[in-house]
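Please keep the sequence and the model in view while reading.

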Amino acid sequence: MPQIMEIALTLPEGQRLHPSMGSVLHGALMEYAHEDFAAAMHRAGVRPFSQFVYYDKQAERAVWRLAVLNGEAAAELNHALAAMPQNLCLKQKGYVVQLSKPQPVKEDDYAAMAQQFFTEQPPRKAEVTFVTPASFKAYGAYKIYPDNAYIFRSLLKRWNAYSGGLVLEEENLEQHLADAVKVIGYNLSLQQYSVGGAPIDAFKGCYTLLLRGTEAQNRIAALMLAYAEYAGIGIKTALGMGGVFINFLP
């Protein structure tokens with residue numbers, strides 16, 4: 001069952017929130033998680049959670065958003081968060097950040113999500129806001145701009161890994177979905193994201209898609225884009241990259 005929760009962060013006076021703090025907080029999560037889970041996550045190709053930090057302008061606060069893709073990950077992250085002190089020392093940053101209690105944002109069910117998007121009228125447009133830098137790895141290099149086939153490949157991989165048998169297995173499905181959408185607007189900038197001090201070339205900003213394929217293609221594309229708020233998009237989503245907000249437009 002996919003779930004999203006948020007934790008308000010209080011930084012020391014004079015400190016600003018940076019997206020790369022997601023990588024630091026991932027380290028804290030693994031420090032307080034069960035050893036076997038942390039070890040499994042180190043080996044995992046597709047991790048059952050994503051997380052990132054962002055500044056909520058409306059609430060005027062820094063926020064840590066965590067999303068889990070299955071029940072096991074939910075139990076493990078809840079254990080880690082319960083064990084984590086309210087005043088968390090970030091050794092890499094050299095200061096203490098104060099954590100609020102986790103607050104649920106939303107949760108869903110794989111079968112319910114599939115039923116919703118396969119029975120209701122699919123949306124025509126989707127606005128994807130890359131809140132934290134996103135990137136893809138291809139042929140040994142980072143892709144510094146969105147690629148629709150890579151976006152859908154990323155989402156399908158996570159959906160098929162954790163949806164409990166609701167697998168979408170059509171051959172070359174990611175390319176068919178990419179061909180079924182059209183980019184109708186974007187406002188993106190080149191960004192770098194630091195993981196362990198190593199910079200990763202990435203992009204950030206808004207990206208608007210028109211769903212113009214067959215009805216079946218539009219339904220699957222919309223389902224995957226809705227799932228992106230839980231799964232993130234691209235590489236290293238468990239380390240704070242590829243955090244997105246999705247807004248469907250009429």
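Buried here means under 20% relative accessible area and exposed means over 50%, with partly exposed in between (1.4 Å probe, protein chains only).

## Basis of the report

This is a predicted model, in which local features need pLDDT of at least 70 and side-chain atom pairs count only at pLDDT 80 or more, while totals for chains, interfaces and linings use all residues. Residues are numbered from 1 along each chain as its sequence is written, and side-chain values use heavy atoms, with hydrogens and water left out.

## Serine 154 in helix α5

Serine 154 is found in helix α5, where helices (H or I, at least four residues) and strands (E, at least two) are DSSP runs numbered from the N terminus. Because its relative accessibility is 8%, serine 154 counts as buried. Its side chain reaches the backbone nitrogen of glycine 234 at 3.0 Å, which is a polar contact, that is, a pair of N or O atoms within 3.5 Å; within protein, one must be able to donate a hydrogen and the other to accept it, and residues adjacent in sequence count only if both atoms are side-chain atoms.

## Aromatic pairs

A search of the whole structure finds 12 aromatic pairs. Rings of Phe, Tyr and Trp (its six-membered ring) pair if their centres lie within 6.5 Å, and planes under 30 degrees apart count as stacked, over 60 as edge-to-face and the rest as tilted. The pair of phenylalanine 52 and phenylalanine 245 is edge-to-face, because the ring centres are 6.2 Å apart and the planes stand at 65°. Since phenylalanine 52 lies in strand β2 (residues 49-56) and phenylalanine 245 in strand β12 (residues 244-249), this pair ties together parts that are 193 residues apart in sequence. Phenylalanine 52 is buried at 4% relative accessibility, whereas phenylalanine 245, at 24%, is partly exposed.

Tyrosine 110 and tryptophan 159 also form an edge-to-face pair, with 5.0 Å from centre to centre and 75° between the planes. Tyrosine 110 belongs to helix α4 (residues 110-119) and tryptophan 159 to helix α5, so the pair joins parts that lie 49 residues apart in sequence. Tyrosine 110 is buried, with a relative accessible area of 6%, and tryptophan 159 is buried as well, with 1%.

## A ring cluster and two charges

Ring pairs link Phe130, Phe136, Tyr150, Phe203 and Tyr207 into a cluster. Within this group, tyrosine 150 has lysine 143 over its face, at 5.0 Å from the ring centre, and arginine 153 also lies over the face of tyrosine 150, at 4.9 Å from the ring centre. A charge sits over a ring if NZ of Lys or CZ of Arg is within 6 Å of the ring centre and within 35 degrees of the ring normal.

## The loop between β9 and α5

Isoleucine 144 is placed in the loop between β9 (141-143) and α5 (148-162), and at 37% relative accessibility it counts as partly exposed. Proline 146 is in the loop between β9 and α5, but proline 146 is buried, with a relative accessible area of 11%.

## Two positive phi values

Most residues other than glycine have a negative phi. Glutamate 60, in the loop between β2 and β3 (61-68), has a positive phi near 55° and is exposed, with a relative accessible area of 62%.

Asparagine 172, in the loop between α5 and α6 (173-179), has a positive phi of about 60° and is partly exposed at 47%.
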